[in-house]
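Below is a short report on one protein model.

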Amino acid sequence: MRRDIPPLAEVRRITEKKRDAWWTVMLVDPVATPLVRFTAMRTRVTPNQITWGAFILGLGSAACFAFGDWKWLVLGAVIYHFSFIFDCMDGKLARLTGQGSVFGAWLDFVFDRIRVMVCGVALMWGQYDRTGDTFYIWLALAVVALDTLRYINSLEIFKIRHTMRKQIKARMRAAKRAQNEAELAFMEDLLRDNPSADIEQDLQRAAGEAGAGYVTQPSDGTTGTEADEQTAPKPKAQVIDLHQEFRQKFPAYLRVRSFLLRHRIRAHLVSGIEFQMGVFMIGPLFDAVMPVTIVSGALLLVFELAIIYKLLLSTRDFTRTIDSFEEQKVVTAA
């Protein structure tokens, strides 16, 4: 028995993401986190072994789905949920024990995609065999295609955002070397790290200071002036907001996002996780595979299109930011 594993509250802080899917936050973490602590304390199980366990449970779920009968659907849905709990446990165990690896991340991703494909085909085949309705064959293709779309889109958007950040940081480093300018920060990171802040007020302050900085109020109740007198002044970070146009178009989004983040829930309410839970849990449990799959797929597409639109607006903010560096260069040269 390991005695270096911290109490459950500390394990939650270490292993649970700052923001996650609402299904994970509400229905998975309350079970997965205590199990991770128990596993780390009492066993020598590795994250990769848990990944294999999740995959095997997923195959068992697919076998149940293939029978098509409602009782088997219920059993398959329950097994799938346990498979997903295991799927969340491997990453938590890796963070808690420091056993994470690049290969483990690859294995987890590949097994997840295979599990969705096998379960989707098995579920729809079982319903086709049960009803003779060929529409289930098309639903099987749709489930695999939508899951693939979700994760390809996610990876590509991540790459584009990383590229934009990299280019801005490179421009800023060049500007700092030339003009000794302030440190760089991204507004979306500041909002994510401080979800309880008054976001609208912070945005107005950042805009009013013309890129001068982002300063949070002292947590000890002192005023800004008193805090400045007690501590040495720190350089203010220049805020780059690559979602400025989106926030201006949808101001209510700020309040909704802030509320969700305070509860660790990301604003992307229907992602690949919720899509899977709808198709492989809610649909089978209520013997409503076809309608629930259609609704889940439609909601996934809506949120993916929203993310793409948000990315489009973000690229416009990126272009304006790059142009502003060029304008500053011209002014400095003049």
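Helix 4 has 28 residues and reaches 40 Å from its first C-alpha to its last. That is close to the 40 Å expected at 1.5 Å a residue, where the expected span is 1.5 Å times one less than the number of residues. Helices are DSSP runs (H or I, at least four residues), numbered from the N terminus. Gly98 follows helix 4, with a positive phi near 75°.

This is a predicted model, in which local features need pLDDT of at least 70, side-chain atom pairs count only at pLDDT 80 or more, and totals for chains, interfaces and linings use all residues. Residues are numbered from 1 along each chain as its sequence is written, and side-chain values use heavy atoms, leaving out hydrogens and water.

pLDDT is the predictor's confidence in each residue, from 0 to 100. The chain mean is 86, and 83% of residues reach 70 or more. Over residues 210-221, pLDDT stays under 50.

Helix 2 (residues 22-42) has 21 residues and spans 29 Å, close to the expected 30 Å. It bends by about 60° at Val28, and Pro30 follows within four residues. The bend is the angle between axes fitted to the seven residues ending there and the seven starting there. Buried residues of helix 2 pack against helix 1 (8-15), helix 4 (70-97) and helix 12 (272-285). Thr39, in helix 2, counts as buried at 12% relative accessibility. Buried means under 20% relative accessible area, exposed over 50%, partly exposed in between (1.4 Å probe, protein chains only). Beyond its neighbours within four places in sequence, Thr39 contacts Val45, Met89 and Leu93 (heavy atoms within 4.5 Å).

The structure holds 16 salt bridges. Each is a side-chain nitrogen of Lys or Arg within 4 Å of a carboxyl oxygen of Asp or Glu. The table lists some of them.

| Salt bridge | N to O distance |
|---|---|
| Asp4 and Arg2 | 2.8 Å |
| Glu10 and Arg13 | 2.5 Å |
| Asp317 and Arg320 | 2.6 Å |

Glu10 and Arg13 are 3 residues apart in helix 1, so about one helical turn separates them. Asp317 and Arg320 are likewise 3 residues apart, in helix 13 (residues 289-333). Asp317 is buried at 3%, whereas Arg320 is partly exposed at 45%. Shared partners join Arg12, Glu16, Asp29, Lys92 and Arg264 into one salt-bridge network.

Definitions and conventions: Helix = DSSP H or I, 4+ residues; strand = E, 2+ residues; numbered from the N terminus.
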